[in-house]
Amino acid sequence: MSLTQELFDRQIEHMLTMRRYQEVANTLIEKASSRHRGFLQKLLGKDLKDRLALEREVARHVQELHSLGANSVSDFIGAELDFQTNNLRRSVGDWYSVQSVNRGQLTKEILGSPLKLFNDQKGYPTLVKSFENIAGSELTRINAVIRKGIASGEVEESIIKKVLLTTKLTENQAKTLVTTHVTQADSVVRQKVLEANKEVYSGYVFTAILDSRTSELCARYDNLFQSADNLKVRPPLHWRCRSVLVPVLRSKKEMLTSTSDRLNKENLAAVAEGSLSGALPLKETFTEWLLRQPMATKLDKLGSEEKVSLFER
């Protein structure tokens, strides 16, 4: 098996771990939203017209959501940077000196950058500004529900119930923001690691998680190779995008012509030609990928030997 294919396989397995990470972040958002609804119910039950108390609670809640989101993205950046660096070192460390990227600088850059979706000219704000917008929108929706309810003579219990329902939109927006920003952070981390180690990378293969939730847009670009100096299609392509860029190693022949002092050419010469051919990884669906993985990986992803047996039939 080629070193690029090994890199690819570890990346796919890592993608599943990343999905679990996002699910944990979503659970934290759900719990914070549940607390928020409890506080709203209590304060509106005391005084439906106390706008100051309402504004304070909405501001408190969205600040909590932003803190959860920013911490989730920040923690992810550190973990992703470690994985990408170590994954590369695992494949090429015997004959190449892998360069690390400064975590603090990269985290500051990513969190302070606006969200960019592929082929979307609209442009989106930074994470902190996005949450500020969410706060304003929730407050507007709640006040509209209260005004309409009072004007129509609706009973207080019914008004409060409708107010609580409006917070579901905020919860979903927060989840979408965090998931999409994590995907953008992932792309930026991968690109920075490539830039720091350009002697061994030729470019990227765009990889979509081909399951029932993969979008048509992402599926269209699956297995697209882009050279390191011509990266145009970079996740996130859309809201809640989970696709990633997987690095492709240069061929042994190409690297042996390099003048980089980070390459140990004596050790590189001993690497089998087939391990460093410069070829792309296999184009597969997730099912095809999982079928050729070792039992330990199948058990980890499917949960039991019984499920693995059913999967392999």
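The following legends describe close-up views of a predicted model.

In this predicted model, local features require pLDDT of at least 70 and side-chain atom pairs count only at pLDDT 80 or more, while totals for chains, interfaces and linings use all residues. Residues are numbered from 1 along each chain as its sequence is written, and side-chain values use heavy atoms, with hydrogens and water left out.

**Figure 1. Overall arrangement of the protein.** The protein contains 11 helices and three strands; helices (H or I, at least four residues) and strands (E, at least two) are DSSP runs numbered from the N terminus. Along the sequence, these elements follow the pattern α-α-α-α-α-β-α-β-β-α-α-α-α-α. Taken along the principal axes, the C-alpha atoms fill a box of roughly 80 × 45 × 30 Å. Of the 313 residues, 49% are buried, where buried means under 20% relative accessible area, exposed over 50% and partly exposed in between (1.4 Å probe, protein chains only). Among contacts with a separation of 6 or more, 75% are between residues 24 or more positions apart; contact means heavy atoms within 4.5 Å.

**Figure 2. Packing of helices α1 and α2.** Two packed helices are described by the angle between their axes and the distance between the axes. For α1 and α2, the angle is about 170° and the axes are 10 Å apart. The axes are lines fitted to C-alpha atoms, for helices over the stretch in contact, and angles run from 0 to 180 degrees between N-to-C directions. The two helices, α1 and α2, are therefore roughly antiparallel to each other; angles under 35 degrees count as roughly parallel, over 145 as roughly antiparallel, 65 to 115 as roughly perpendicular and the rest as oblique. The crossing of α1 and α2 is right-handed, a crossing being right-handed if the near helix is turned clockwise from the far one by less than a right angle, and left-handed if anticlockwise. By class, this contact of α1 with α2 has 20 nonpolar, 10 polar and eight charged residues. Ala, Val, Leu, Ile, Met, Phe, Trp, Tyr, Cys and Pro count as nonpolar, Asp, Glu, Lys and Arg as charged, and the others, Gly among them, as polar.

**Figure 3. Packing of helices α2 and α5.** Helix α2 packs against helix α5 (residues 156-196) at an angle of about 25°, with the axes 9 Å apart. Helices α2 and α5 are therefore roughly parallel to each other, and α2 passes α5 in a right-handed crossing. By class, the contact of α2 with α5 has 11 nonpolar, seven polar and three charged residues. The α2 residues include His61, Leu65, Phe76 and Gln84, and the α5 residues include Thr170, Val178, Asp186 and Arg190.

**Figure 4. Aromatic pairing of tyrosine 21 with phenylalanine 76.** A search of the whole structure finds five aromatic pairs. Rings of Phe, Tyr and Trp (its six-membered ring) pair if their centres lie within 6.5 Å; planes under 30 degrees apart count as stacked, over 60 as edge-to-face and the rest as tilted. The pair of tyrosine 21 and phenylalanine 76 is tilted, with 5.8 Å centre to centre and 45° between the planes. This pair links distant parts of the chain, as tyrosine 21 lies in helix α1 (residues 3-46) and phenylalanine 76 in helix α2 (residues 51-92), 55 residues apart. Tyrosine 21 is partly exposed at 28% relative accessibility, whereas phenylalanine 76 is buried, with a relative accessible area of 4%. Elsewhere, ring pairs link Phe118, Phe206 and Tyr221 into a cluster.

Figure 5. Histidine 14, in helix α1, is buried at a relative accessible area of 14%. Apart from its neighbours within four places in sequence, histidine 14 is in contact with Glu80, Phe83, Gln84 and Arg190. Isoleucine 146 belongs to helix α4 (residues 127-151) and is buried, with a relative accessible area of 7%. With neighbours within four places in sequence again left aside, isoleucine 146 is in contact with Leu44, Leu48, Leu54, Ile159 and Val163.

**Figure 6. Backbone features in two loops.** The peptide bond from proline 235 to proline 236 is cis, with omega near 5°; proline 236 is found in the loop between β2 (225-227) and β3 (244-249). Arginine 240 lies in the loop between β2 and β3 and has a positive phi of about 65° although it is not a glycine. Arginine 240 is partly exposed, at 36% relative accessibility. Asparagine 223, in the loop between α6 (216-221) and β2, has a positive phi of about 75°, although it is not a glycine. The relative accessible area of asparagine 223 is 22%, which means that this residue is partly exposed.
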